[in-house]
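Please look over the sequence and the structure shown here before reading on. The report below takes up a few side-chain pairs and strands in turn.

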Amino acid sequence: MAPSDTLREAHPTERAAGIDYYVSDGDGIGGRLRETPEDFRVRELEAFDPEPLGADTGSYPELVVRVTLRDWDTNDFARRISDALGISRERVSWAGTKDKRAVTTQLFTLREVDPDDLPAIRGADIEPLGRAGRRLSFGDLAGNAFDIRVTDAVDEAPERVADVVSDLRAFGGDAGGAEDGAAVGVPNYFGQQRFGSRRPVTHRVGLAVVRGDFREAVRLYAGNPSETEPDDTRAARARVDDAFGVAGGDAADDAGPAADGTGDGDWAACLDAIPGKLRFERSMVHRLADRGVSPDAPPDHEDWRHALEAVPSNLQRLFVNAAQSSLFNRMLSERLRRGLPFDRPVAGDVVCFADGDAPEELYAPDTDRLQRVDADRVSVVTRHCERGRAFVTAPLVGTETDLGDGEPGAIEREVLDEAGIDPGDFALPGEFDSTGTRRAILLRTDLDVTVDDGDPRFAFALPSGSYATVLLREFTKCGPLDL
């Protein structure tokens, strides 16, 4: 690829999360996803082999069930089944969280539950499979298979789909394809769901944390109103901003305006304004009120961190993970702008190798097996990439991150410098600490497109941690709220 300043720009909401461009420059098909839950089907590709149902419950206390959910959020279903069984929510585990507006099939483990006690739950088909000696975790998810229908697409959809497929085949190196489909590739961006579609703020909170500005992190999460919010929550957040001394919310840049110390610090008034549905925001502000925190307390004061830690530990980790994800997205966008390839390395890249234990229908990069590519090895590693044995990576920056060399390394350092962040900044207290890892920069899949009553239907499989919407956005050219 040659350097390009003519790439098609992404939607402004995507650009705020580092997704700056499309690979394909043709017009999209428009349309909508999830008109009904059946339009968006997801099936886990399992990497978990249970023992038979008759296995000894002392050695295998976990009941493994396969559940097909219609219009259920994964966390909500976990609470519902735990309530129905009369057990703690902590005894329900799963490998991957799925979207609500969908039909999803995935595994759950239920600790110390008998198959005969499984409840009937509306919108859920629960099938006992066997028993296991441990609960499910994210590492047990190899990937997901998708079957997605786009409704209300333009009449020219078939021609436009063909044009996009042609662009994506070229971008992905046109390798590893199936006879009945097309091997397409896109940048392995973190999708908008990672940051929030209506109010993309999670990464901004995380970036403030990494900079050591816990005060701004609290303000961004509890205040910082968005135009896409309902009137009551927007007004509540504006009141929080008043307490911090910031008027009217921010534009969506990563730094955001710092509070100027002239706020009234009336956290009790903020609590009166914040509706109950914003429970995490209320928990944060409660802690500020309990300690009588001054709005001009230093940004790294322990009271601000105490307030931020009012949210669950998984959300604390998500803040920093989202910050890493936004930096990764920016690195990919800059690589795309400069015209560097994604399907093969250049000198200075770091590659990982394929996971040989991945399911047959799926590839999986193994980021524990890394190799730095110097100029003498570019051609050799390129052949490995062409055969699907190696993948170019970029960093999810943390304390143990070694940046690349050459132009890839220059991109990584430039993005970090612009964000005002150094890998050592991720040495943080509690759940905010992160050592970092690396991630493949190319998302490649065998895509099969059919037409169902005039609507395009897309079938493909992706490794865990990748986003179906990152592929579909190339075809629809719609904003995140339509995906």
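## A partly exposed pair

Glu309 has a relative accessibility of 22%, so this residue counts as partly exposed, because that class lies between the buried limit of under 20% and the exposed limit of over 50%. The model is a predicted one, and the values given in this report should be read with that in mind.

The side chain of Glu309 meets that of Arg305 in a salt bridge, with an N to O distance of 3.0 Å. Arg305 has a relative accessible area of 23% and is therefore partly exposed as well.

## Salt bridges between buried residues

Arg438 and Glu412 also form a salt bridge, in which the closest N and O atoms are 3.3 Å apart. Because Arg438 belongs to strand β13 (residues 437-440) and Glu412 to helix α12 (residues 406-419), this pair ties together parts of the structure that are 26 residues apart in sequence. Arg438 and Glu412 are both buried.

A further salt bridge joins the side chains of Asp455 and Arg149, at 2.9 Å from N to O.

Over the whole structure, a search finds 36 salt bridges. Some charged residues are joined in a network of such bridges, namely Glu334, Arg337, Arg338, Glu407 and Glu414.

Glu216 is located in helix α5, which covers residues 214-222. With a relative accessibility of 5%, Glu216 counts as buried, because the limit for that class is under 20%. The side chain of Glu216 makes a polar contact with the side chain of Arg219, at a distance of 3.0 Å.

How many of the six residues of strand β9 (residues 182-187) are buried? Six of the six are, so strand β9 is largely enclosed by the rest of the structure.

Strand β9 pairs with strand β14 (residues 442-452) in the antiparallel sense, and the pairing runs over six bridges. Within this arrangement, Ala183 stands opposite Asp446, a residue of β14.

Notes: Residues numbered from 1 in each chain as written. Predicted model: local features only at pLDDT ≥ 70, side-chain atom pairs only at ≥ 80, totals over all residues. Heavy atoms only, no water. Buried < 20%, exposed > 50% of the residue type's maximum accessible area, 1.4 Å probe, protein only. Helix = DSSP H or I, 4+ residues; strand = E, 2+ residues; numbered from the N terminus. Pairing = 2+ DSSP bridges. Salt bridge = Lys/Arg side-chain N within 4 Å of Asp/Glu carboxyl O. Polar contact = N/O pair within 3.5 Å; in protein donor to acceptor, adjacent residues only side chain to side chain.
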